[in-house]
Amino acid sequence: RTALRIALPWLGKAPDASMLACVLSTSLPVARVGLSGGALVGASLKRGDIIALLLLARLLRLCRAKGVGHDHEHEELEGMLRSAFEHSVDIAPMVPQLQELAQQVPGQRGKALQRQLDAPRQSLGRAGVAGAVLQVMDAVPIGSLSAA
């Protein structure tokens, strides 16, 4: 997770498809190790680990937007992220920032995400909140997903 946190900000704001392909092909095996069930069991994820997860979600968004990688790679990475957010991260402190990002999503999708994030977390459950994180990261305009 530390390797991802250090390497992924180097993507910059607008990486081209060839750079994304290279980063995806190297990040996926690292994510398989760092986000595996064995790596996360009993792990206390720190701020840097959560940053790595968010940077991976940004990478996934950029790859999908530019048509980089295969569907099975995207699905695998999304599944790892969803599982990590659901089982290993207390997302509650992130909700205000996610709400701000959801406000930047245009149209009905943005309004639906805002309502979902405004709902009491108990009603959504961990899976619902984890899903909301990924939906916000997927829907927010790419320019809003700074690596900083």
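Me: Why does aspartate 138 count as partly exposed?

Reply: In this predicted model, aspartate 138 has a relative accessibility of 27%. Buried requires under 20% and exposed over 50%, so aspartate 138 falls in between and counts as partly exposed.

Me: What makes the contact of arginine 109 with aspartate 138 a salt bridge?

Reply: The closest N and O atoms of arginine 109 and aspartate 138 are 3.6 Å apart. The criterion is a side-chain nitrogen of Lys or Arg within 4 Å of a carboxyl oxygen of Asp or Glu, and the pair therefore qualifies. Arginine 109 belongs to helix H7 (residues 107-118) and aspartate 138 to helix H8 (residues 121-139), 29 residues apart, which links distant parts of the chain.

Me: How do you know that arginine 32 and glutamate 76 meet in a salt bridge?

Reply: Their side chains approach to 2.6 Å, N to O, and the limit is 4 Å, so the term applies. Arginine 32 is in helix H2 (residues 17-34) and glutamate 76 in helix H5 (residues 71-88); the pair therefore ties together parts 44 residues apart in sequence.

Me: What separates arginine 82 from glutamate 78 in helix H5?

Reply: About one helical turn separates them, because they are four residues apart in helix H5. Arginine 82 and glutamate 78 also form a salt bridge, with the closest N and O atoms 3.2 Å apart.

Me: Which residues are linked with Arg82 in a network of salt bridges?

Reply: Arg64 and Glu78 are linked with Arg82 in that network. The structure holds four salt bridges.

Technical notes
Residues are numbered from 1 along each chain as its sequence is written. This is a predicted model: local features need pLDDT of at least 70, side-chain atom pairs count only at pLDDT 80 or more; totals for chains, interfaces and linings use all residues. Side-chain values use heavy atoms; hydrogens and water are left out. Helices (H or I, at least four residues) and strands (E, at least two) are DSSP runs, numbered from the N terminus. Buried means under 20% relative accessible area, exposed over 50%, partly exposed in between (1.4 Å probe, protein chains only).
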